[in-house]
Amino acid sequence: MSPVLGAALPDPPLALLLELTHRCPLRCGYCSNPLELEAAGRELDTRTWCRVLDEAAALGVLQVHFSGGEPSTRRDLEQLVAHAHALDLYTNLITSGVLLERARLEALVQAGLEHVQLSVQDSDPASADRIAGYAGHARKLAFARWLGELGVAFTLNAVVHRQNLERLDAVIELAVELGAQRLEVAHVQYYGWARPNLGALLPTAEQLDAATASVEAARARLRGRLRIDYVIPDLHAELPKACMDGWGRRFLGVTPSGSVLPCQAAQTLPGLHFENVRERGLAEIWNESAAFQRFRGTAWMPEPCRSCERREIDWGGCRCQALALLGDAAATDPVCAKSPEHAVVQRLAESASRGGGSPYLYRGARGAERA
Amino acid sequence: MSAPGVLDAASVPRLARGVRLRHDAVRSAWVMLAPERVLFPDEIALEVLRRCDGAARVQEIAAELARSFDAEVDTVCADVVELLQELSDGGFVRT
């Protein structure tokens with residue numbers, strides 16, 4: 001209880017994701033940016049990003065993820081990393097690795113960069129370039145080798161789906177060969193850009209089982225050398241994912257133009273107004289804004305969540321999924337076997353993973369597009 | 001010689017690359033920061049982690065803690081191995 005307000009403030013956030021820009025040379029058809037990309041002219045300036053970092057550190061944020069789009073399209077990236085480092089924030093760069101020259105990487109390390117998360121689209125170069133819609137795989141490998149030479153901690157992030165899953169073992173070997181400390185094997189989550197690609201990308205339940213077995217075998221084989229984090233496609237699951245570890249509990253994100261979000265995809269939810277760092281301080285937005293309060297805690301929950309013993313484990317699952325599949329963001333995530341609408345998910349997963357014939361669509365400037 | 005990734009009293013632990021400890025004034029607590037993860041070590045874990053310098057063996061760390069906490073060294077050593085094994089499996093500590 002705060003003695004001043006007489007009401008408890010929410011716990012402070014642990015992590016801040018800065019989407020510095022939506023510009024990116026890659027065109028992956030499962031991009032996590034919103035469908036309505038923000039133009040470069042609307043991006044916050046250096047001074048405002050630095051103020052956001054100041055406010056985040058004061059609020060209790062411990063880790064900052066510099067992301068995008070491709071964050072290195074921002075010329076002030078080194079300056080922002082140095083600013084965060086001076087505040088003792090843990091700095092992580094989430095990058096495609098295709099635009100950064102070695103000298104610039106060295107400057108970022110000099111500025112205090114502590115960790116890099118590098119994406120790869122596949123282990124097979126031709127397939128990787130086709131999935132990304134950009135010939136960048138070879139540059140990514142060169143970038144990863146520089147990380148090793150400079151002694152920078154890094155995670156290889158592999159987004160997996162039907163078109164690359166058969167090479168998962170080779171992706172794991174690539175992470176070992178490149179000397180990554182950590183590998184994220186993340187199945188596509190089917191929101192935003194990935195949604196029209198459901199038929200082209202969702203694996204069958206059998207492919208998913210084989211992938212899970214590969215990950216488990218690799219974890220045993222690489223114990224003490226490589227940590228592997230594994231995110232399954234929740235359309236095949238029986239329990240919902242604890243999306244964002246609970247709405248407004250640990251995480252906040254800022255879009256290129258300064259809107260503050262409880263989750264990267266939250267702008268798809270209707271009826272929520274996301275406040276902007278240009279108009280209000282980060283702490284006030286975190287503590288008081290209606291959007292952060294809307295699904296925080298357990299009071300908003302419908303049944304069966306409200307009386308479920310897992311309500312503070314999975315926090316009702318994913319709001320964007322409830323909206324996308326049921327048209328109601330406040331419903332129980334239908335991935336949950338206890339949801340009265342769970343059959344919707346089962347039908348969708350079955351028909352999508354039977355499909356296979358759908359064309360793969362890229363992220364484009366004017367919406368999803370063919371090659 | 002133990003199996004890969006399995007720690008024992010002779011292991012020499014250090015924090016993994018990209019992992020560090022810092023004090024957080026907002027929460028009045030020590031935190032361990034790692035890629036995509038934050039841990040709040042308890043008092044004992046913190047004492048162990050501070051000694052993971054890539055030079056001291058687990059048995060030496062345990063002996064020092066046993067002295068300062070006036071505890072039996074074999075018990076402390078078993079506890080330290082267990083804790084560090086968990087942190088190693090999580091990628092926070094390497095040997």
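**Exercise 1.** Determine the handedness of the crossing of H1(A) and H2(A).

Solution. In this predicted model, local features need pLDDT of at least 70, side-chain atom pairs count only at pLDDT 80 or more, and totals for chains, interfaces and linings use all residues. Residues are numbered from 1 along each chain as written, while chains are lettered from A and ligands numbered from 1 in written order. Helices (H or I, at least four residues) and strands (E, at least two) are DSSP runs numbered from the N terminus. The axes of H1(A) (residues 46-59) and H2(A) (residues 77-86) come within 10 Å and cross at roughly 25°; axes are lines fitted to C-alpha atoms, for helices over the stretch in contact, with angles from 0 to 180 degrees between N-to-C directions. H1(A) is therefore roughly parallel to H2(A) (angles under 35 degrees). The crossing is right-handed, as the near helix is turned clockwise from the far one by less than a right angle.

**Exercise 2.** Identify which residues make the contact of H1(A) with H2(A).

Solution. H1(A) contributes Thr46(A), Trp49(A), Cys50(A) and Leu53(A). H2(A) contributes Gln79(A), Leu80(A), His83(A) and Ala84(A). Contact requires C-beta atoms, placed from the backbone, within 7 Å.

**Exercise 3.** Describe the sheet that contains E2, E3 and E4 of chain B.

Solution. The three strands form an open antiparallel sheet in the order E2-E3-E4; strands pair if DSSP finds at least two bridges between them. E2(B) (20-24) and E4(B) (37-39) stand at the edges, each with a single partner strand, so one side of each lacks a neighbour in the sheet. Five bridges join E2(B) to E3(B) (residues 29-34), and Leu21(B) stands opposite Met32(B).

How values were computed
Parallel < 35°, antiparallel > 145°, perpendicular 65-115°, else oblique. Contact = placed C-beta atoms within 7 Å.
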